Amino acid sequence: MKLYAPHVGHLEALEELLTGSKDIYGIYMAGTPDYVGTGRTNLSSPGLEEIAEQTARAHEEDVKMEVVLNSSCMGGQHLTPEGYNRVNWYFTQLHNIGVDAVTVAEPYFIEMLSKDFDMEVVVSVLSFVDSPQKAEFYEQLGADTIVIDPVINRDFEKLEAIRDSVSCDLKLLVNEGCLYQCPFRYAHFNFFSHANGPGPKLNVLDDYYYYKCLSLRISDPQQLIKSPWIRPEDLKEYRHITDTFKIGGRTHFPNWILNNVQAYANESYDGNLMDLLDCPRDIRDLFYISNKELEGAINQWKQCGKVCNKCGYCKKLAEKIIKVYTAEGCGNILKPLKS
Amino acid sequence: MTITDTLAKNRGELENKLRNLLAKPVFLIEMDAFALPCGCKGLTINTRGLQFDDLEIFEEHINEYLKKTSENLEVEPSFLFARLVPGTAEVASLNSRVLCNRCYMDFARGTGKQPRPDIYILNFSRRE
Ligand SMILES: [Zn+2]
Ligand SMILES: [Zn+2]
């Protein structure tokens with residue numbers, strides 16, 4: 001199994017990850033937002049020297065280094081002569097450093113990287129590859145690896161069709177806590193891309209999508225079950241699709257990441273599923289979902305038509321196993337979802 | 001009890017009251033006591049899962065709960081308000097604030113419940 005672990009971007013954290021586990025195959029982190037930016041929240045923006053230092057350190061341990069530049073919206077900057085030159089220069093620097101792979105969401109960058117650079121070209125989840133047709137398109141454009149849109153993580157017919165259609169590598173994001181069929185994905189990632197990309201910087205009121213996303217799950221916790229995460233125990237169900245898995249969570253502490261690496265490397269976790277999901281910490285401290293009690297649910301999801309009002313399986317499962325933390329004095333106790 | 005214990009206890013109690021009132025697991029992710037350079041001081045309670053509708057329908061109850069929480073923390077509940085995510089149903093926080101003279105004047109001049117798109121006033125006691 002090839003496990004890719006997230007990394008916040010500074011040497012101390014990298015050191016902890018590299019010494020904390022022998023099960024990490026590759027590490028991925030954001031680059032400097034001044035060139036391309038990324039579609040997710042970033043806590044650091046390592047400069048080229050830092051990327052060089054960390055790449056060398058990872059290579060000492062035989063760990064691959066992947067730089068994620070998956071802005072979902074460049075606002076057209078890459079199509080201007082200055083923009084193109086800037087990005088081209090940056091890719092050249094990453095190549096000279098010896099970075100193994102670059103993850104991008106913009107089709108233009110996929111073609112650019114595959115044509116002129118000798119680095120693994122990875123199609124980001126933010127390219128939303130959810131069909132064999134899109135996978136074929138990106139492969140022809142030059143992709144070496146496609147990270148499949150997690151929205152189809154439980155749609156085996158689609159996954160198998162993609163596997164049959166392309167010969168490039170496939171990667172699955174295992175612990176995404178995003179809403180199933182999340183209506184905010186495009187808008188939210190475009191917003192992040194501008195907030196975490198080349199200027200001009202925005203002065204925003206609040207992250208509307210974030211509030212909304214939390215509210216929807218708090219008022220309707222079955223959404224937590226429907227999210228397209230893959231339990232560590234269920235990795236074996238995906239072996240015929242790929243053996244490469246990616247753990248999401250670039251803003252978490254090394255301990256949290258190592259806990260995930262261990263769970264997925266062992267293909268087993270005895271605890272709260274919320275510990276593993278890369279979803280906002282805010283709701284991690286609200287719900288308890290026993291991972292072991294989810295045993296077998298994948299058999300339903302494998303043959304489910306995803307028409308929730310007809311099926312009702314996730315709703316029933318949510319009512320059965322989700323517990324809510326409730327304050328009592330200064331402590332916390334667990335109560336069932338419905339009391 | 002230390003101030004942090006008092007905060008913890010009141011955070012939990014207010015959360016439970018809101019959950020019982022609204023029959024859903026509303027979450028108070030952080031309760032802070034603050035003091036600002038202008039002289040304002042008070043409490044901020046960051047909320048998740050609380051909606052503007054809830055405020056409108058249960059205003060009387062929520063007002064009363066917030067007042068009680070404020071009193072428990074020795075903050076005079078003269079100015080209670082919710083901070084909204086403008087243009088949406090989301091309530092970002094509940095607040096109890098003892099206004100400094102200048103900020104008091106800013107609010108005293110206004111009349112409606114929403115002097116700014118992000119502020120919904122639950123209670124504003126005018127000074128003599
Ligand atoms: Zn844009
Ligand atoms: Zn003031």
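This is a predicted model: local features need pLDDT of at least 70, side-chain atom pairs count only at pLDDT 80 or more; totals for chains, interfaces and linings use all residues.
Donors here are N, O and S atoms within 2.8 Å of the metal (3.2 Å for Na, K and Ca); water is not among the atoms, so sites may look incomplete. A:Cys73 sits in the loop between strand 3 (64-69) and helix 3 (81-97) of chain A, and A:His194 in helix 7 (residues 185-195) of chain A, so the pair ties together parts that are 121 residues apart in sequence. Helices (H or I, at least four residues) and strands (E, at least two) are DSSP runs, numbered from the N terminus. A:Cys73 is partly exposed, with a relative accessible area of 24%, and A:His194, at 33%, also counts as partly exposed. In these terms, buried means under 20% relative accessible area, exposed over 50%, and partly exposed in between (1.4 Å probe, protein chains only).

Residues are numbered from 1 along each chain as its sequence is written, while chains are lettered from A and ligands numbered from 1 in the order in which they are written. Local features need pLDDT of at least 70, side-chain atom pairs count only at pLDDT 80 or more, and totals for chains, interfaces and linings use all residues; side-chain values use heavy atoms, with hydrogens and water left out.

Turning to chain B, the zinc ion (ligand 2) has B:Cys38 (SG), B:Cys40 (SG), B:Cys100 (SG) and B:Cys103 (SG) as its protein donors, at 2.2 to 2.4 Å. The angles among the four donor atoms are 97 to 120°, and the site is tetrahedral (four donors count as such if all angles lie between 85 and 135 degrees). The sequence spacing of the donor residues is C-x1-C-x59-C-x2-C. B:Cys40 belongs to the loop between strand 1 (27-35) and strand 2 (41-48) of chain B, and B:Cys103 to helix 4 (residues 101-108) of chain B, so this pair ties together parts that are 63 residues apart in sequence. Both B:Cys40 and B:Cys103 are buried.

Chain B as a whole contains four helices and five strands, arranged along the sequence as α-β-β-α-α-β-β-α-β. Its radius of gyration is 14 Å, close to the 14 Å that the globule rule gives for 128 residues, so chain B is as compact as a globular protein of that length. The radius is taken over C-alpha atoms, and the rule is 2.2 Å times the number of residues to the power 0.38. The C-alpha trace of chain B spans about 40 × 35 × 25 Å along its principal axes, and buried residues make up 53% of the 128 residues.

Back in chain A, three strands form an open antiparallel sheet in the order 9-10-11, where two strands pair if DSSP finds at least two bridges between them. Strand 9 (287-289) and strand 11 (331-336) of chain A stand at the edges with a single partner strand each, so one side of each is left without a neighbour in the sheet. Six bridges join strand 10 (residues 322-328) of chain A to strand 11 of chain A, and A:Lys323 stands opposite A:Pro336 in strand 11 of chain A.

Elsewhere in chain A, A:Leu258 is found in helix 10 (residues 254-266) and is buried, with a relative accessible area of 15%.

Key. Four donors count as tetrahedral if all angles lie between 85 and 135 degrees; four count as square planar and six as octahedral if opposite donors are over 155 degrees apart and all others between 65 and 115; anything else is irregular.
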